[in-house]
Amino acid sequence: MVTTTVTLPGELHDSLKQVAAAEHRSANATIVVAVAQYVQNHDKKAAVGAIAAEIAERHRELLDRLAK
């Protein structure tokens with residue numbers, strides 16, 4: 001484990017505490033879940049972008065003809 005200090009605006013910290021309490025988690029555990037989900041979504045978006053680029057390249061001729 002690595003310790004990281006995060007400075008949050010007061011309103012966001014209050015919201016974090018409310019969410020953590022509602023989910024019966026600590027604020028730290030809630031932050032870990034949120035960061036993990038953010039990273040996973042980022043990775044998925046990157047993968048979708050790479051697939052889209054591959055498809056566009058593979059079908060470039062057809063896409064060029066359709067654009068005319």
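Q: How many helices and strands does the secondary structure of the chain come to?
A: Happy to start with the overall fold of this predicted model. Reading along the sequence gives the pattern α-α-α. The tally for the secondary structure is therefore 3 helices and 0 strands.

Q: What is the radius of gyration of the chain, and what does the globule rule give for 68 residues?
A: The C-alpha atoms fill a box of roughly 55 × 25 × 20 Å along the principal axes. The chain is more spread out than a compact globule, because its radius of gyration is well over what the globule rule gives. The two values are 21 Å for the chain and 11 Å from the rule.

Q: What share of the 68 residues of the chain counts as buried?
A: A handy cut-off here is that buried means under 20% relative accessible area. The chain exposes about 6200 Å², and carbon and sulfur atoms supply 60% of that area. Of the 68 residues, the share that counts as buried is 4%.

Q: Is T30 buried or exposed?
A: T30 sits in helix α2. Its relative accessible area is 9%, and the cut-off for burial is under 20%. So T30 is buried.

Q: Which residues does T30 touch, not counting residues up to four places away in sequence?
A: T30 belongs to helix α2, and contact here means heavy atoms within 4.5 Å. With residues up to four places away in sequence left out, the partners of T30 are L16, V19, A20 and R25.

Q: What is the volume of the largest pocket?
A: Have a look at M1, V2, T3, T4, V6, L8, N28, I31, V32 and V35, which line this pocket. By class, that lining holds 7 nonpolar, 3 polar and no charged residues. The volume of the largest pocket is about 350 Å³.

Q: Which elements give two or more residues to the lining of the second largest pocket?
A: This pocket has a volume of about 170 Å³. Its lining is made of V6, L8, L12, S15, L16, I31, A34 and V35. The elements that supply two or more of these residues are α1 (10–22) and α2 (27–58).

Q: How do the residues of the lining of the second largest pocket divide into nonpolar, polar and charged?
A: The lining includes V6, L8, L12 and S15. Over the whole lining, the residues divide into 7 nonpolar, 1 polar and no charged.

Definitions and conventions. Residues are numbered from 1 along each chain as its sequence is written. This is a predicted model: local features need pLDDT of at least 70, side-chain atom pairs count only at pLDDT 80 or more; totals for chains, interfaces and linings use all residues. Side-chain values use heavy atoms; hydrogens and water are left out. On a 1 Å grid over the protein atoms alone, a cavity is a set of points where a 1.4 Å probe fits but cannot get out, and a pocket is an open set with protein on both sides within 12 Å along at least five of seven lines; lining residues have an atom within 4 Å of a point. Grid points are joined across faces, edges and corners, and a volume is the space filled by probe spheres set on the points. Ala, Val, Leu, Ile, Met, Phe, Trp, Tyr, Cys and Pro count as nonpolar, Asp, Glu, Lys and Arg as charged, and the others, Gly among them, as polar. Helices (H or I, at least four residues) and strands (E, at least two) are DSSP runs, numbered from the N terminus. Buried means under 20% relative accessible area, exposed over 50%, partly exposed in between (1.4 Å probe, protein chains only). The radius of gyration is taken over C-alpha atoms; the globule rule is 2.2 Å times the number of residues to the power 0.38. Accessible areas come from the Shrake-Rupley method with a 1.4 Å probe; for residues, only the protein chains shown count as cover.
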